Amino acid sequence: MSGILEKTELTFQQLGASSEAEVDRLFAEIEEFLESEQIGDRETFRVLWASDKKGVLTKIRNNWLRAAPPSTRRWIGPRLEKLTHSVAFKLKTYVERQVEGEGSGERVDLSLPGVIRSVGSHHLIRQVFQEIEGIFFSIGFSVVEGPEIETPYYNFEALNIPEFHPVRDDMDTFYLDLPKDAKTPLLLRTHTSPMQIRTMEKQKPPVRVIVPGKVYRRDNPDATHSFAFHQIEGLAVDTDITFCDFTGTIEYFVKQFFGPSVKTRFRPSYFPFTEPSVEFDVSCPFCGGTGTSAGGGTCSKCKGAAWIELFGAGMVDPAVYGFVNYDAKKVSGFAFGIGIDRLAMLKYGIDDIQVFFQNDVRFLRQFP
Amino acid sequence: MKVVYNGLKDFVDVTASPQEVASRLALSGTNIAGVEIGPHGPVIDAEVSSNRPDCLGHYGIAREVGAIYKLPLKHVSPKPAESAAKTSDAVKVEIQAPELCGRFTARVIRNVKIQPSPKWLKDRLEASGVASISNVVDISNYVMLELGHPLHTFDYDKVRDHKIVVRRAKQNEKMRTLDGMERQFDSNLCMISDGDGSRAIGIGGIMGGVETEISFSTKNVLIECAWFEPVAIRRAARFLKLHTEASTRFGRGADPEMAELASRRAAELILQLAGGELLSGVVDVYPGKRAPKKIRVTRAEILRVMGTDVPDKQIEASLSALGFAPVRIDQNRGAEGSLLAAWECTQPSWRAEVEREIDLIEEIARIYGLDKFPPRLPAARQGAARLPHYEAETRLRERLIGLGYREILTIPHVAEERDALFRPSGVSPARLSNPLSEEVNVLRATGIVTMAAALEWNLNHGQRNARLFEIGRHYRLNGSESAETRVLTIGATGEAREKGLYDAARDFSFADLKGDLDSIGELAGGFHWDDGGADWLHAARRSSVKLNSVISSEARNLSSLGVAGQLARRVAEKLKLRQDVFLAELELDPVYAAMRAAKEARRYEPLPRFPSVERDFSLLLADGTKFSDVTKTIQSLGIKEISAVEATDLFRGKNVPAGKYSLLVRVTFQSREATLTEAQIGDYSRKIISALEKHLGAQLRAS
């Protein structure tokens with residue numbers, strides 16, 4: 001085997017090699033010899049292979065590569081490079097093998113952190129949006145978006161909320177300052193519901209959409225109020241949609257979002273654009289619907305009520321169909337509006353809605 | 001509405017506990033805020049929705065309780081003793097505005113004794129959260145809480161000519177109301193006036209005037225119990241910014257039939273508590289009397305909307321208890337549960353909002369119990385679609401997050417003055433006509449303004465390193481139309497890499513911003529960086545950003561996607577941002593379109609079978625010579641084996657003469673046909689050097 005070492009003392013011409021196949025054979029011999037090297041003294045290995053003056057690598061470079069005519073040289077370069085890598089790897093692993101063998105030497109401190117490449121994060125509200133969109137998408141709801149600056153027609157009138165309707169008092173509205181010749185006033189939508197109208201105007205039944213987006217109400221900001229917040233609207237209209245389909249859909253969503261053990265409850269309520277209208281409650285997922293926290297006190301999430309009011313919904317009021325040229329005698333459907341911020345606060349124990357909008361990196365980091 | 005549990009018992013013999021009653025009410029449509037055990041017994045706090053004015057009194061709530069528990073409602077039929085003298089001789093009523101006032105009843109009681117109320121009345125009012133004033137005034141409040149219908153009492157002797165005229169207000173007419181405020185009206189308001197109608201003595205349905213107010217010296221009382229048009233009342237209350245118990249009830253729609261009854265009930269109580277003599281009969285002007293509506297409901301429709309049947313008995317019992325007097329009218333009348341079953345109902349005067357079949361179905365369902373309708377998941381009949389830009393936006397967001405940016409969400413309301421710092425000239429801002437304050441009076445014209453605020457917040461809270469992005473909209477006006485544009489906004493400040501165990505710290509620089517944006521550009525066929533950029537950016541470190549696909553197309557003159565760069569120091573100063581801040585904003589719709597196009601155009605390129613060779617060229621270049629000059633010069637040689645030209649090192653000073661800089665350029669050669677020979681590489685290298693020397697005056701440095 002040592003014969004190969006002697007060959008590195010000679011040039012290719014002296015070895016009589018003139019084809020690529022012969023070059024290949026020589027390098028194969030060298031590689032084989034390298035592989036057969038037993039674990040021994042690292043320094044001996046280094047001197048034999050990698051010493052600058054007399055190492056095998058140096059000899060190959062001088063005797064084989066440099067002395068070769070250009071036509072042969074291009075066969076040698078890449079093969080020498082590969083061999084160099086193999087030698088370097090063997091040298092490096094000498095240390096590791098010794099550690100394995102002798103149980104001593106420099107060991108990494110596992111309690112030290114690794115190199116952390118800083119990555120960013122989705123905003124928590126976005127994460128909740130994505131989760132809810134995914135749940136509804138999985139049961140056939142398409143996603144649509146709409147303008148935040150709306151006309152009173154879409155935000156109110158077509159949703160069966162005429163001017164001076166008492167419900168308008170609960171939705172204090174921002175208006176834009178427009179030139180005097182403006183044809184219609186413009187407002188910031190107070191809910192994502194205008195997209196019910198816009199969707200039905202464009203599309204005949206069956207309709208099954210959700211609408212994520214920002215909405216605005218002119219409330220003074222505090223820990224539970226923000227004059228901008230987020231909603232997901234839902235709308236399903238078809239020739240055979242009933243109240244049972246509605247409650248089933250909502251129940252499916254809630255069990256996906258809060259877990260299969262939550263119970264649901266629908267209470268009759270009132271919205272001008274749904275009839276029957278409901279408020280939708282879930283059994284408090286934090287105390288298991290007992291109203292009592294694990295420690296024995298009153299559950300802080302549901303305040304002992306055992307139920308948490310989640311959002312309003314209902315069967316689409318037939319009057320709404322009149323605005324979009326649907327035949328109320330043939331179609332029926334349901335609509336809902338989920339407040340995202342409140343849901344996120346509830347699920348993640350956030351007690352101040354303002355943190356969503358301050359964007360303090362210490363907050364953002366908490367939800368990678 | 002504070003529902004006094006014992007008050008409820010006046011009208012229905014309910015035996016369930018207050019908590020139980022509250023919970024059943026909640027499940028049948030009366031929202032309950034809570035139940036309190038007050039000093040005068042249990043009180044249920046009911047949040048009555050705006051469509052149910054009939055529940056703004058104990059009588060109405062009792063009707064609900066009766067329907068839920070199937071208990072009879074005890075009807076109210078006061079029979080106060082009347083004297084021989086006729087009311088119609090003592091008071092005259094004229095309604096000049098029947099479109100505003102549909103009914104006006106008047107009764108007169110002489111020789112009353114105004115005094116404090118007895119304890120039971122005070123207690124009952126206190127339990128409902130109403131302050132006690134005097135017996136007669138308290139009675140009108142009490143009857144309102146009991147029957148849900150507002151009343152007003154006048155000092156009869158102060159009403160001129162003992163005549164009431166109900167009319168529209170004169171434009172700018174003034175009157176002092178009971179709360180002591182001088183108020184001014186417009187002609188949409190309904191006024192109660194006296195005598196010849198020239199003097200206003202009350203705002204119809206909202207609040208009385210001071211001049212005819214009951215006082216402790218009042219001897220004779222005039223009881224007004226009327227009905228006012230709801231929309232006019234709501235409009236008036238909003239116009240006056242005056243929302244009272246009366247305006248709430250009339251505004252939502254009081255029961256016109258209740259007016260006379262409530263007046264009689266008040267008379268009965270006044271006689272009982274203040275004595276006196278009730279004149280006989282009532283003056284009742286009722287131009288708004290309407291015949292009750294007939295409404296049909298069918299089993300077929302119940303099934304179509306609700307999806308599950310409700311038994312006949314349930315339907316009939318619920319509708320009867322709520323006052324709808326259902327009558328079976330179909331051919332199969334005898335057959336219980338017939339699919340053809342239909343009922344004709346009569347709309348009760350207190351439920352004006354129930355007009356349609358769907359309204360009756362809701363009544364049936366809510367009393368029957370919504371939990372009796374079994375949930376099921378409807379089958380989807382068509383595929384669902386994501387937003388058209390869903391995939392592009394998701395990839396963009398994930399790439400940014402991979403690059404270390406945190407997503408933020410902001411409120412677009414900002415101060416006009418702030419917005420103007422970043423607003424391009426010629427852009428009209430979307431101002432609010434009713435902002436909450438001057439700090440939030442305009443919708444942002446760029447995402448930059450809120451991004452800067454987010455960085456400012458972090459710096460002010462000790463967070464010096466931040467890399468943030470927002471995918472949102474900016475808002476502008478085009479004439480009187482609004483324009484919302486999807487934008488990506490990026491903000492970065494502090495260290496690009498923080499000092500740690502293994503690495504040294506490095507500040508975020510323009511090059512970081514450019515590299516990060518180009519990583520996005522890679523998804524969209526590349527970005528082109530051009531001179532320009534906004535004037536709020538640092539003049540030496542700013543750029544406009546365009547799409548490569550646009551640059552190379554006919555549309556090359558299209559405006560840029562946006563701008564990127566370092567915030568100008570003078571603006572940073574103004575915002576008190578005391579470290580370098582980098583900002584960018586790009587319009588997203590063209591980026592998304594380019595991403596889609598780039599994705600569609602992408603094709604596999606076979607991996608090279610031959611090794612590539614790199615050569616480094618250390619160049620000395622004159623300041624002002626750009627890297628792009630170098631690449632263009634090299635590319636102009638047309639050597640197709642050149643696969644990449646990269647800058648790998650750049651420095652000035654030391655051995656480099658002034659006015660020059662040293663640039664290390666690495667050229668990669670790659671042939672698809674064969675392994676390149678030394679001779680070929682040497683030949684290419686010589687050509688590159690001579691071209692750089694000739695065209696750029698570059699000198700090759702000895703390395």
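**Close-up 1. Helix α11 of chain A, residues 243-258**. In this predicted model, helix α11(A) runs for 16 residues and reaches 22 Å from its first C-alpha to its last, close to the 22 Å expected at 1.5 Å a residue (the expected span is 1.5 Å times one less than the number of residues). Helices here are DSSP runs of H or I with at least four residues, numbered from the N terminus. How many of its 16 residues are buried? For α11(A) the count is 12, so the helix is mostly covered (buried means under 20% relative accessible area, with a 1.4 Å probe and protein chains only). Among them are Phe243(A), Phe246(A), Ile250(A), Phe253(A), Val254(A), Phe257(A) and Phe258(A). Just past the helix, Gly259(A) adopts a positive phi of about 110 degrees.

**Close-up 2. Helices α7 and α13 of chain A, packed together**. Helix α7 (residues 124-138) meets helix α13 (residues 340-348) at an angle of about 100 degrees, and their axes lie 10 Å apart (axes are lines fitted to C-alpha atoms over the stretch in contact, and angles run from 0 to 180 degrees between N-to-C directions). That makes α7(A) roughly perpendicular to α13(A), a term covering 65 to 115 degrees. Residues in contact (heavy atoms within 4.5 Å) include Leu124(A), Val128(A) and Phe129(A) of α7(A), and Ile340(A), Leu343(A) and Tyr348(A) of α13(A).

**Close-up 3. Domains of chain B**. The centres of domain 2 (87-285) and domain 4 (390-601) are 62 Å apart, taken over C-alpha atoms. Domain bounds come from an automatic or database domain assignment.

**Notes.** Residues are numbered from 1 along each chain as its sequence is written, and chains are lettered from A and ligands numbered from 1 in the order written. Local features need pLDDT of at least 70, side-chain atom pairs count only at pLDDT 80 or more, totals for chains, interfaces and linings use all residues, and side-chain values use heavy atoms, leaving out hydrogens and water.

Key. Helices (H or I, at least four residues) and strands (E, at least two) are DSSP runs, numbered from the N terminus. Buried means under 20% relative accessible area, exposed over 50%, partly exposed in between (1.4 Å probe, protein chains only). Angles under 35 degrees count as roughly parallel, over 145 as roughly antiparallel, 65 to 115 as roughly perpendicular and the rest as oblique.
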